[in-house]
Amino acid sequence: MPKSRQRSAPGRAARANDATPAARLTETHVKRPLLRVGCGVDAHPLRPGRRLVLGGVEIPHPRGLAGHSDADVLSHAVCDALLGALGLEDMGARFPDSDETLRGRPSLWFLEEVMREARTRGFEIVNVDTVILAEAPRLQPHIAAMRKMLAAALGVSVDSVTVKAKRLEGMGAVGRQEGIMAQAIALLAGPT
Ligand SMILES: [Zn+2]
């Protein structure tokens, strides 16, 4: 037998330790979870007489977001990020405006539904990161509550969900306070 074939198991272990992290990941004996990433973007107009709900948290403001459900733009962006990571149709296709049973529904329900499906397919959340683009109101005091609500709906720890808020310094439709936008990215780990 050639010398290279006579390597003992400890020898292989030592070689694996010497390898770069990337090389170690390519070792065939390492069981890796299937990682899938998805992104989501959403926007809704601000209208008088509507509640402003972001990440399941009602925020005092003279105007709220208009839409078929509670128009929670942050939850919708997270929902689309999860659906994208799972390779499924987006929110509009999955929960259409034409479905009257969804009118006024709290958007955290959509997240619970999508996570139920994700778990039946063997996927769990690694992390979700989000940004809300809003000129007003000031969102910083509500960030912790939003993270808590989103994490509870997704069935993960608060550490796995982050929410950031940005102003657009008066630029564009968001800067003119015509509406609010949100972006989300989700990383899911599936079966090995
Ligand atoms: Zn939406």
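1. Of the 192 residues that make up the protein, 35% count as buried. The model is a predicted one, and the points below should be read with that in mind.

2. The protein contains seven helices and seven strands. Read from the N terminus, these elements follow the order α-α-β-β-β-β-α-α-α-β-α-β-α-β. As for the contacts between residues at least 6 apart in sequence, 72% of them join residues that are at least 24 apart.

3. The largest nonpolar core has 46 residues, and those touching the most other members are V73, V78, L82, L111, I132, I180 and A186. At least two residues of this core are supplied by each of β2 (53-54), α3, α5, β5, α6, β6 and β7. Helix α3 gives the largest share of the core, namely nine residues.

4. I180, which is among the core residues that touch the most other members, deserves a separate look. Leaving aside residues up to four places away in sequence, I180 touches H44, L46, L65, V73, I132, L133, A134 and V174. Two of these partners, V73 and I132, are themselves named among the core members with the most contacts.

5. Helix α5 covers residues 108-120, and its length can be checked against expectation: at 1.5 Å a residue, its 13 residues should span 18 Å, and the 19 Å between its end C-alpha atoms agrees with this. The helix is followed by G122, a residue with a positive phi near 85°.

6. Which residues of α5 are buried? They are L108, F110, L111, V114, M115 and A118. Because the buried residues fall within an arc of 145° when α5 is seen down its axis, they line one face of the helix. On the face turned away from this buried side, α5 carries the exposed residues R116 and T120. The cover over the buried residues includes α3 (73-86), α4 (91-94), α6 and β7.

7. The axes of α5 and α6 are 8 Å apart, and the two helices pack at an angle of about 35°. From α5 the residues L108, L111, E112 and M115 take part, and they meet M149, A153 and L154 of α6. Sorted by class, this contact of α5 with α6 has six nonpolar residues, no polar ones and one charged residue.

8. Some backbone features call for a closer look, since most residues other than glycine have a negative phi and most peptide bonds are trans. The peptide bond from A136 to P137 is cis, its omega being near -5°. P137 is placed in the loop between β5 (124-133) and α6 (143-154).

9. E169, although not a glycine, has a positive phi of about 50°, and this residue lies in the loop between β6 (161-166) and α7 (172-175). Is E169 buried or exposed? It counts as exposed, because it has 8 C-beta neighbours inside 10 Å.

10. Q177 is likewise a residue other than glycine with a positive phi, here near 60°, and its place is in the loop between α7 and β7 (179-189). With 15 other C-beta atoms within 10 Å, Q177 is partly exposed.

Methods:
Residues are numbered from 1 along each chain as its sequence is written. This is a predicted model: local features need pLDDT of at least 70, side-chain atom pairs count only at pLDDT 80 or more; totals for chains, interfaces and linings use all residues. Helices (H or I, at least four residues) and strands (E, at least two) are DSSP runs, numbered from the N terminus. A residue is buried if 20 or more other C-beta atoms lie within 10 Å of its own, exposed if 12 or fewer, and partly exposed in between; C-beta atoms are placed from the backbone. Two residues are in contact if their C-beta atoms, placed from the backbone, lie within 7 Å. The expected span of a helix is 1.5 Å times one less than its number of residues. The arc is that of the directions from the helix axis to the C-beta atoms. A nonpolar core is a set of buried Ala, Val, Leu, Ile, Met, Phe, Trp, Tyr and Cys residues joined through C-beta atoms within 7 Å. Axes are lines fitted to C-alpha atoms, for helices over the stretch in contact, and angles run from 0 to 180 degrees between N-to-C directions. Ala, Val, Leu, Ile, Met, Phe, Trp, Tyr, Cys and Pro count as nonpolar, Asp, Glu, Lys and Arg as charged, and the others, Gly among them, as polar.
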